Amino acid sequence: TSGRTFSRQGSCSECAACCKFIIIQVNPAYMDAERRRFVEMHGIKLFRQNGGVWAMVNATCQHLTDEGKCGIFGSPERPQTCSDFHFVQSDINLVDEWAGEKVCSYSFVEEVTA
């Protein structure tokens, strides 16, 4: 790494886009043309990032209400990861890509140290 530090800025706009899909790391063998075609025929997008192969899977959280709100917000059942996501700018980019437009109100800003 370059030693640069970035911090997440902004607040959640409650678009719930990040509650409607998951990103999981998969075996690089899935990038074989025939396997990739099979996976993508099932609505799963494969991509390379940071030396790994990842799958973007449409999967709405079971706790997302009909109003598009988190049904377990503020409760111990809600994973800390829900609050911590987005970890890096590429997470924000993936949310916006999934939505087909700029929806995420977070951004990452480089911290300036003296």
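**Strand pairing, cores and ring contacts in the predicted model**

Strands S3 (residues 45-49) and S4 are paired in the antiparallel sense through five bridges. The model described here is a predicted one. Within this pairing, Gln 49 is placed opposite Gly 52 of S4. The two strands form a hairpin in which two residues separate S3 from S4, and Asn 50, in the turn, has a positive phi of about 50°. S4 is also joined to strand S2 (residues 21-26), again in an antiparallel arrangement, by six bridges. In this second pairing, Trp 54 of S4 is the bridge partner of Gln 25. Strand S4 itself, spanning residues 52-58, is mostly covered, with five of its seven residues buried.

The largest nonpolar core consists of 10 residues, namely Ala 17, Phe 21, Phe 47, Met 56, Ile 92, Leu 94, Val 95, Cys 104, Tyr 106 and Phe 108. Helix H3 (residues 89-99) supplies three residues, the largest share of this core. Another core, of seven residues, lies apart from it and includes Met 31, Val 39, Ala 55 and Val 57. Met 56, a member of the largest core, has contacts beyond its neighbours within four places in sequence with Phe 21, Ile 22 and Ile 23, with Gly 43, Ile 44, Lys 45 and Phe 47, and with Leu 94 and Trp 98.

Two aromatic pairs were counted. One is formed by Phe 21 and Trp 98, which are stacked, with a centre-to-centre distance of 5.4 Å and an angle of 25° between the planes. Because Phe 21 belongs to strand S2 and Trp 98 to helix H3, this pair ties together parts that are 77 residues apart in sequence. Phe 21 is buried, at 5% relative accessibility, whereas Trp 98 is partly exposed, with a relative accessible area of 29%. The rings of Phe 85 and Phe 87 make an edge-to-face pair, because their planes stand at 85°, with the centres 5.7 Å apart. Both partners are partly exposed: the relative accessible area of Phe 85 is 21%, and Phe 87 has a relative accessibility of 48%. A ring is also involved in a contact with a charged group, as the charged end of Arg 8 sits over the ring of Tyr 106 at 4.2 Å from its centre.

Ser 7 is found in strand S1 and is buried, its relative accessible area being 17%. Its side chain takes part in a polar contact of 2.8 Å with the side chain of Gln 9 and in another, of 3.4 Å, with the side chain of Glu 111. When residues up to four places away in sequence are not counted, Ser 7 touches Ser 107, Phe 108, Val 109 and Glu 111.

The backbone of the loop between S1 and S2 was also examined. Most residues other than glycine have a negative phi. Glu 14, which lies in the loop between strand S1 (6-9) and S2, has a positive phi, near 60°. Ala 16 is found in the loop between S1 and S2 as well, and its phi is likewise positive, at about 65°.

Key. Residues numbered from 1 in each chain as written. Predicted model: local features only at pLDDT ≥ 70, side-chain atom pairs only at ≥ 80, totals over all residues. Heavy atoms only, no water. Core = buried A, V, L, I, M, F, W, Y, C linked by side-chain atoms within 4.5 Å. Buried < 20%, exposed > 50% of the residue type's maximum accessible area, 1.4 Å probe, protein only. Helix = DSSP H or I, 4+ residues; strand = E, 2+ residues; numbered from the N terminus. Contact = heavy atoms within 4.5 Å. Pairing = 2+ DSSP bridges. Polar contact = N/O pair within 3.5 Å; in protein donor to acceptor, adjacent residues only side chain to side chain. Phe/Tyr/Trp six-rings, centres within 6.5 Å; stacked < 30°, edge-to-face > 60°. Lys NZ or Arg CZ within 6 Å of the ring centre and 35° of its normal.
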